[in-house]
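This report describes a model with attention to its chains, its domains and the contacts between them. The sequence and structure are shown first.

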Amino acid sequence: MKKSEPIPFEDHFELSKNKLQKILDIALSRGGDFSDIFLEYRIYNLINMEEDIIKETAESISLGLGIRVIADEKTGYGYTNDLSVEKIKKAALVAASIASSEASRNASSLKQAQLSHNFYPVLEPAHQESLERKISLVKNTYFSAKNFDSKIDKVKVSFQEQVQFITIVNSEGLSVSDARPLVKLVCLAIAKKEGKREAGFSGGGGRVGLEYFSEELTAEEIAKDAAQEALHLLEAKAPPAGEMPVVLAPGHSGVLVHEAVGHLLEADFNRKKTSIFWDKMGKKVASSLLTIYDDPTIPLSRGSYNIDDEGTIPKKTILINKGKMSGMLQDRLSAKLMKSSLTGHGRREDFSCIPLPRMSNTYIERGDYDPEEIIKSVKKGFYAGKFQGGQVEDSGKFTFSVSSGYLIENGKLTVPVKQATLIGTNIDILKNIEMVGSDLEFGLPTGTCSKEGQSVPVSDGCPTLKIVKMTVGGQK
Amino acid sequence: MRESEKQLELKELAEKLVTFAKTNGADEVEITVLDGYEFSVDVRLGEIENLVEADSRSLGLKVIKDKKTAYASSSDLALETLEHLVKNSIERAQLANYDEFSGLPSLFPSQIDISSLNLFDPQLAELSADRKIALAKETEKIGLSDKRITNSHGASFETREVKAVLANSNGFIQEYDQTYCGLSLGLQAGETDSRVEDGWFSAKRYFHQLESSEEVAKKAVERTARQLNPRKIKSQNVPIVFEPMMTSWLLGFLFACVSGTSIYQKTSFLVDKLGKRIGNDKVTVIDDGLIPGLLGTRPFDSEGVPSQKTLVVDKGILKNYLCNTYAARKLKLQSTGNADGAGVGPSNFYLIPGETPPEKIISSLDKGLILIRTIGHGLNPVTGDISRGAFGLWVEKGEIVYPVSEITISGNLGDILNKIEAVGNDLDFRVPVAGPTVLVQEMTVAGQ
């Protein structure tokens, strides 16, 4: 890869170090153990194409700051998008009110931290490229899908790009900044045959520049993938219903690790003992074939960041080591209360949100089995190909929704099937993983994870997996 | 909205930007300004967990030049930033394609008396922070006092006030204030490896209409505890009873399929079905933006088109798609006042209740499943296919015999609408998309 510099940080806040220092002092004026300020300036651009025309473009600017005070287990939070001193002070006082001590504290003096790493080595930052160039990328995707097959009836393409400039200062003297690019190109294709209609979806992106669409994944490839899925579904049958062996395709099936493992190893759910994992650290919770990481440091990946949203430098974190629970995803509050070290997983959607422990890029480490061999080992079962998403509860019950897949009969993929829901309890399913493939892939780089109303970009990955039995929801 | 000075400011700002856009070459322009205040408190195990309070403002704009459209929005309300965004948008609009259907709605004579819609509770602002915190604490305490409850996700109390100002170059300029308050509780029952969870909430525009801590907590406990010791069941086709929140979920999916946007984009299985039968005669669905005091009520939509009552499905016949101005022009229909941002949204979208009490619907079942929660995705508007993870209560000879979990339900919305056998009398507008208990003749349940 060619060399590149980090996106230069531009200061949009016009708040001097002195002023920020004073605001932190106000935030701690009623005691409080810790306080921080999250300043954000974000420019977002969107291009939509449908019915053969560029229908609309949009530009959005988000500017504001959030002030947090932590006192014991309590968090006070105020935010404002009016950066006048009066409004900022008001937000600081709101946050301060959570503490009730007589004695005020002073924040340590701020020292600017310089980062020595850059996980977004982009060459052509999208926000600096011309709109014309992005429009031509959209048109190229659109017509590639539209012209892929005469059965393709409708296509929608959307290009979204943003750059988020953040500065975080805290009462321990930290001052650190980051500029995070994020790009996403998605294509929806609808195929029609004899009155039957089916939709296919694909996309690409990450913390990348526009060079991604010539070097990594082209507009044509994205279009083809969406169109092929729609055509595949035209021929697909309703899935079977009941318990059966399930083979998960590599890449897309990463949603399994996200739902079944990742969420329940977020530290807050364990600190509160609502997660099924809270009493299982060091214990065997999964098949010994399973090793799972969350790694925010993968260059260019959608879930990566140079610093988390509390200013912590992130670490690749092992969650499950050969079937044993080995780690959790921490933010500052949970790490403090659990007396654990920080892993750099405190994330927030924007300046109006309190940070929470979140996933970044979560994946199952590759195993030893040849993927072909895994499919061959199944006499009658279900092959889950592409996914719409999933959901989990703290109790470990989770589902994921398969948009397209195949029946497996005598070790071969046979009839294409559509729209199936798989359901299980995570610990049962994790123990039932019988084979792990050698073909680790990441799923569509367009995923967003939602928790307590906050959305953050994530990615997930896994190799081909075989689950001995799982409930497949289909038609009887 | 807290100071009268600010009101003037925002209306003036909106008008000023309309003029600025016109002077700089826009043919048409629409400006929306939102000014909000929020307070929220989360308590857990008797202590405050989070307390958030903030004012925030944002502005959205749409410009049309030569029938080409561009949008922009900002949370930075500095005039300099906004004027820059307007200019950028006019320039950017040139890069979109000519679209004969674009453009603002024509100006409607305003006949709606905003104050009669009961959107704003003046007393909410007087509610002290201490009282709000106490309400959340009280709710959780009642929930935890039940022996079956083993952990808490916490209780929350939230209030919001929002002023919306809308101005456009056709001469529309109006504003309205609204309030919202909500109380909720999430609970767990059972031991770590056999946990079940659920919760309950109440949300209203007026504080005095909000259900009490006691009511919310009792319901949360009952909903959680009834799932303890679930069983698995065999895969089979059985009658399904949708509880009101489940009917609401189903109606949300129906809304997506009758939205004018999905119709002209042909991403709905209800394309070309206007005037045709899509369900049996028990199915009458209405969208009504004018019912006083409800959460989905508003005087006009995001384009300034007055809200209205629209008959969507009449005894099984599809009568209207719900449209914003753009979708209406594409489909040669009239806007139904359902514009929501750049898309289409429901106001109060509901299934007309029947006369049967829900208990009677359940006691009439020889064998079946009461659907109480679903998780996951698995809705496909293009085909109407539904497939979701589900939790339920198993019914035999008219009695609930045990809870079930780790099942999925699947079916097709088109089929379901034709197989509705009974509609309950228990419609309550807890959420803007709402329905009573319904009995569906048959769906597939997958289990063991």
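**Overall form of the chains**

The model is predicted, and the values given here are computed from it. Chain A contains 10 helices and 23 strands. Its radius of gyration is 24 Å, close to the 23 Å that the globule rule gives for 476 residues, so chain A is as compact as a globular protein of that length. Chain B contains nine helices and 20 strands. For chain B the radius of gyration is 24 Å, close to the 22 Å given by the globule rule for 448 residues, so this chain is likewise as compact as a globular protein of its length.

| Chain | Box along the principal axes | Buried residues |
|---|---|---|
| Chain A | roughly 75 × 55 × 40 Å | 61% of 476 residues |
| Chain B | roughly 70 × 55 × 35 Å | 54% of 448 residues |

In chain A, 76% of the contacts between residues at least 6 apart in sequence join residues at least 24 apart. In chain B, residues 24 or more positions apart account for 71% of the contacts with a separation of 6 or more.

**Domains of chain A**

The domain assignment divides chain A into domain 1, residues 17–234, and domain 2, residues 242–473. The C-alpha centres of domain 1 and domain 2 of chain A are 23 Å apart. Their contact draws 38 residues from domain 1 of chain A and 26 residues from domain 2 of chain A. On the domain 1 side, the elements that give two or more residues are β1 (34–50), β2 (53–71), β3 (74–80), β5 (152–170), β6 (174–193), β7 (196–206) and α5 (219–234) of chain A. The largest share of that side, seven residues, comes from β6(A). By class, the side of domain 1 of chain A that touches domain 2 has 16 nonpolar, 13 polar and nine charged residues.

Helix α6 of chain A, residues 255–262, is mostly covered, with eight of its eight residues buried. The buried residues of α6(A) are Val255(A), Leu256(A), Val257(A), His258(A), Glu259(A), Ala260(A), Val261(A) and Gly262(A).

**Domains of chain B**

Chain B is assigned domain 1, residues 4–224, and domain 2, residues 230–448. The C-alpha centres of these two domains of chain B lie 25 Å apart. In their contact, 24 residues of domain 1 of chain B meet 21 residues of domain 2 of chain B. The elements of domain 1 that give two or more residues to this side are β1 (28–44), β4 (149–168), β5 (173–189) and β6 (196–204) of chain B. The residues on the domain 1 side of chain B comprise 14 nonpolar, seven polar and three charged.

**Helix packing**

Two packed helices are described by the angle between their axes and the distance between the axes. In chain A, helix α3 (residues 131–146) packs against α5(A) at an angle of about 35°, with the axes 8 Å apart. The crossing of α3(A) and α5(A) is right-handed. From α3(A), the contact involves Leu137(A), Asn140(A), Thr141(A), Ser144(A) and Ala145(A).

In chain B, the axes of helix α3 (residues 129–144) and helix α4 (residues 213–225) come within 8 Å and cross at roughly 40°. α3(B) passes α4(B) in a right-handed crossing. Leu135(B), Glu138(B), Thr139(B), Ile142(B) and Gly143(B) of α3(B) take part in the contact. Among the partners on α4(B) are Ser213(B), Glu214(B), Val216(B) and Ala220(B). By class, six nonpolar, three polar and two charged residues make up the contact of α3(B) with α4(B).

**Contact between the chains**

Between the two chains, 68 residues of chain A are in contact with 63 residues of chain B. β2(A) gives the largest share of the chain A side, 12 residues. By class, the side of chain A that touches chain B has 22 nonpolar, 27 polar and 19 charged residues.

Conventions: Residues numbered from 1 in each chain as written. Chains lettered and ligands numbered in written order. Predicted model: local features only at pLDDT ≥ 70, side-chain atom pairs only at ≥ 80, totals over all residues. Domains from an automatic or database assignment. Contact = placed C-beta atoms within 7 Å. Helix = DSSP H or I, 4+ residues; strand = E, 2+ residues; numbered from the N terminus. Nonpolar A, V, L, I, M, F, W, Y, C, P; charged D, E, K, R; others polar. Rg over C-alpha atoms; globule rule 2.2 N^0.38 Å. Buried ≥ 20, exposed ≤ 12 C-beta atoms within 10 Å, placed from the backbone. Axes fitted to C-alpha atoms, helices over the stretch in contact; angles between N-to-C directions. Left-handed = near helix turned anticlockwise from the far one by under 90°.
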